[in-house]
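Good morning, colleagues. Please have the sequence and the structure in view as I go through them.

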Amino acid sequence: MVPWAEHCGNFVPTDGVNALEVDLLRDEVVEVAAQDVRGIPVRKSLRGEAARAFQHELDHLDGLLIVDHADLDELPKDIAELERPYHRVRQRRAFERRTYQGNEPLYR
């Protein structure tokens with residue numbers, strides 16, 4: 001895993017200038033297994049920025065945001081207060097690592 005400083009367009013800067021930035025860890029390489037629109041299996045290896053961006057967008061599909069990777073004391077106070085009631089559960093989900101182990105089809 002490598003450290004990344006990430007920004008997210010889901011957070012509007014409170015000062016109108018500086019976007020929210022969170023330092024977090026991402027895998028440097030990810031293997032993606034999916035299907036194309038015809039149902040044909042596709043496998044791809046992503047590295048560097050492409051791997052980071054894929055993980056970031058996959059987080060969104062899982063209902064996670066970059067704030068879920070941070071500790072509350074690393075966030076601006078207004079965001080930390082909004083996040084506080086949900087943070088423990090969401091942070092646990094952010095650190096779970098979904099993996100696919102095997103060569104069988106993903107879908108039948």
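I begin with Trp4, which stands opposite Leu24 in strand β2. What we are viewing is a predicted model, in which local features need pLDDT of at least 70 and side-chain atom pairs count only at pLDDT 80 or more, while totals for chains, interfaces and linings use all residues. Residues are numbered from 1 along each chain as its sequence is written, and side-chain values use heavy atoms, with hydrogens and water left out.

Strands β1 and β2 run antiparallel and are joined by six bridges; two strands are said to pair if DSSP finds at least two bridges between them. The charged end of Arg52 sits over the ring of Trp4, 5.9 Å from the ring's centre. For such a placement, NZ of Lys or CZ of Arg must be within 6 Å of the ring centre and within 35 degrees of the ring normal.

In a regular strand, side chains alternate between the two faces of the sheet. Strand β2 has a covered face, made of Val22, Leu24 and Arg26, and an uncovered face, made of Glu21, Asp23 and Leu25.

**The overall order**

The chain holds three helices and four strands, and along the sequence they follow the pattern β-β-β-β-α-α-α. These elements are DSSP runs, numbered from the N terminus: helices are H or I with at least four residues, and strands are E with at least two.

Of the chain's 108 residues, 31% count as buried. Buried means under 20% relative accessible area, exposed means over 50%, and partly exposed lies in between, using a 1.4 Å probe and protein chains only.

Strands β3 (residues 29-35) and β4 (residues 41-47) run antiparallel and are joined by seven bridges. Within this pair, Val32 stands opposite Lys44.

Which residues make up the largest nonpolar core? Its 12 residues are Cys8, Phe11, Leu20, Val22, Leu24, Ile66, Val67, Ala70, Leu72, Leu75, Ile79 and Ala80. Strand β2 (21-26) and helix α2 (77-83) each supply at least two residues of this core. A nonpolar core is a set of buried Ala, Val, Leu, Ile, Met, Phe, Trp, Tyr and Cys residues joined through side-chain atoms within 4.5 Å.

Ile79 touches Phe11, Leu20 and Val67, not counting residues up to four places away in sequence; contact here means heavy atoms within 4.5 Å.

Leaving aside neighbours within four places in sequence, His87 is in contact with Val67, Asp68, Ala70, Asp71 and Leu72.

Met1 lies in the segment before β1 (2-7). Met1 counts as exposed because its relative accessibility is 56%. Setting aside neighbours within four places in sequence, Met1 is in contact with Leu25, Arg26, Asp27 and Arg97. Met1 and Leu24 are 23 residues apart in sequence, with their C-alpha atoms 9.6 Å apart.

Finally, Ala53 belongs to helix α1 (residues 48-61). With a relative accessible area of 29%, Ala53 is partly exposed. The C-alpha atoms of Ala53 and Glu6 are separated by 9.4 Å, although the two residues are 47 apart along the chain.
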